[in-house]
Amino acid sequence: MKRFTLLFIFTYLFLFTCTVSAQTFTRRDSLQGGLRPERTSFDVRKYDLSITIDPDKKYISGHNTIAFITTAATKRIQLDLFENMKVDSIVFNGKQLSYTRDYDAVFIDFPETLLEGTLDILKFYYSGYPKVAKNAPWDGGFVFSEDNNGKPWIGVAVQGTGASLWYPVKDHQSDEPEDGAFVNVEVPNGLMCVSNGRLSGGVDLNNGYTRWYWEVRNPINNYDVTVNIGDYVHIHDNLNGLDLDYYVLRDNKEKAKRHFEEVKPMLECFQEKFGEYPFKKDGYKLVETPYLGMEHQSAVAYGNKYRKGYLGRDLSFTGVGMLFDFIIIHETGHEWFGNSITSKDIADMWIHEAFTTYAESVYIECLYGYDKAMKYINGQGMNVMNDKPVIGIFGVNNEGSSDMYYKGALMLNTIRHIINDDEKWWSLILNFANTYKKQVISGETVIAFFNKESGMNLTPVFNQYLQYRRIPKLQLRQEGNKLQYRWVTDVENFTIPIALKIKDKEVRLNGTNNWQTSSVKIKNLNKDVEVLKNEFYIKVEKL
């Protein structure tokens with residue numbers, strides 16, 4: 001959900017100008033974002049995280065039991081834990097292992113070679129004061145807050161920053177624990193910890209703390225693992241066999257019951273368009289948080305203060321954005337795109353954000369119709385900055401432009417209208433979500449799938465919108481009484497239709513990078529020809 005809105009654009013542009021534009025990366029970046037043999041030689045199967053959180057000291061202690069299969073014989077692997085956190089010990093077969101630290105990377109040495117295909121388990125004990133976020137979720141870390149009654153209210157969000165900020169983990173999106181995870185958290189009595197998956201119990205430890213047990217029965221990406229601590233009350237509901245659970249602050253129970261009525265029509269829409277909710281075994285949850293929101297799998301963080309829009313504002317500037325609670329719709333869309341389908345490298349985070357931002361307009365179309373959906377998605381174009389490529393730099397934990405949200409969604413809307421067959425389009429989207437359900441994929445995989453399913457070569461389209469700052473420019477000119485047209489793009493062989501109204505009659509012309517002449521006669525280019533820009537995210541230049 002690391003979304004830049006108008007509130008953050010100026011800060012973002014400053015940081016971009018000072019740092020990212022130089023495209024300089026450090027060894028720390030490579031250690032966090034790269035795939036070296038110490039990472040690729042093993043495949044994580046399950047995490048079993050057992051920790052104690054002290055809200056007063058803002059301190060964590062505990063261990064992560066990591067089950068993994070060796071995929072290539074090795075004596076050394078890399079796990080990750082932020083360097084400000086202490087490694088207490090790493091235990092394997094009852095003995096402590098030696099290790100070295102390099103920034104946030106922890107290189108662990110085994111006394112004997114681990115053989116390919118073997119299943120092993122190690123326990124990583126740690127403790128420390130995790131980074132506190134100044135502006136979550138954009139700034140990764142813990143949020144230590146209080147509710148209106150003065151009770152601790154705590155959350156964590158680490159997308160982009162790294163899950164190793166607060167627990168030891170193989171901190172790369174390419175490897176999800178296929179067998180799920182346990183998250184067992186001890187918090188002071190009187191507070192509840194809500195995490196991912198299903199609650200399997202809570203036990204008073206008779207020492208002033210209660211241990212809460214959560215089990216995730218699906219693969220889960222590292223940044224989705226979360227803890228939420230507060231004086232929560234539980235609201236339960238059900239949608240056609242899917243458990244819906246809401247954990248909200250005690251004072252907000254009745255308000256939440258009314259406000260979360262939006263969940264059911266949203267889920268019905270998304271399941272129609274994207275397939276069955278991917279994590280049915282774990283159920284669907286909204287958890288009230290002291291920060292705006294995040295797509296934590298099966299435990300969606302909600303902090304929109306029970307308002308419509310984005311904290312009461314319309315990000316599309318059209319009025320349509322005030323018809324729904326932005327955080328509920330957007331963050332839930334990530335359950336399909338980001339949580340179920342996950343990008344292998346965060347340079348391809350557009351797979352998460354373009355599709356999820358597009359899901360907002362899908363929801364609008366389900367409930368309010370096509371015209372309002374087009375008004376909304378095109379209104380979002382005002383937020384596009386075209387500052388740098390949407391795709392980031394691979395191997396160094398680098399996201400591309402925040403245009404992955406709005407520009408990415410407008411790219412998908414453009415592709416829908418290139419295909420110009422809604423039955424085929426919705427079938428393609430549904431097949432995409434189902435084909436790669438609970439998988440980690442690359443951008444190339446997405447493009448190849450769209451090419452195959454559409455029967456078109458959409459590679460130049462994806463490349464233009466994702467790899468270059470500029471969007472396609474349609475040039476029009478008049479020669480005598482004939483209309484001439486061409487596309488101006490950075491990529492070669494850019495061929496997509498042009499949708500025009502010529503004298504109130506809709507015309508589709510096949511545009512290329514070369515000038516072409518239409519058989520349609522016109523008298524005045526400016527008066528007779530209107531480009532249907534609602535269907536295509538493009539620039540238009542009349543010469």
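1. E254 is partly exposed, at 47% relative accessible area; the term covers values between buried (under 20%) and exposed (over 50%), computed with a 1.4 Å probe on protein chains only. The model is predicted, so local features need pLDDT of at least 70 and side-chain atom pairs count only at pLDDT 80 or more, while totals for chains, interfaces and linings use all residues. Residues are numbered from 1 along each chain as its sequence is written, and side-chain values use heavy atoms, leaving out hydrogens and water.

2. E254 pairs with K257 in a salt bridge, with 3.6 Å between the closest N and O atoms. A salt bridge here means a side-chain nitrogen of Lys or Arg within 4 Å of a carboxyl oxygen of Asp or Glu. The two residues lie three apart in helix α4 (residues 253-259), so about one helical turn separates them. Helices are DSSP runs of H or I with at least four residues, strands are runs of E with at least two, and both are numbered from the N terminus. K257 is also partly exposed, at 39%.

3. D109 and R76 form a salt bridge whose closest N and O atoms are 2.9 Å apart. This pair links distant parts of the chain, 33 residues apart: D109 is in strand β7 (residues 105-114) and R76 in strand β3 (residues 74-80). D109 is partly exposed at 24%, and R76 is partly exposed at 29%.

4. E272 and K273 meet in a salt bridge at 3.7 Å, N to O. E272 is exposed at 52%, whereas K273 is buried at 16%.

5. Salt bridges also link D43, R45, E178 and D179 in a network. The count for the model is 23 salt bridges.
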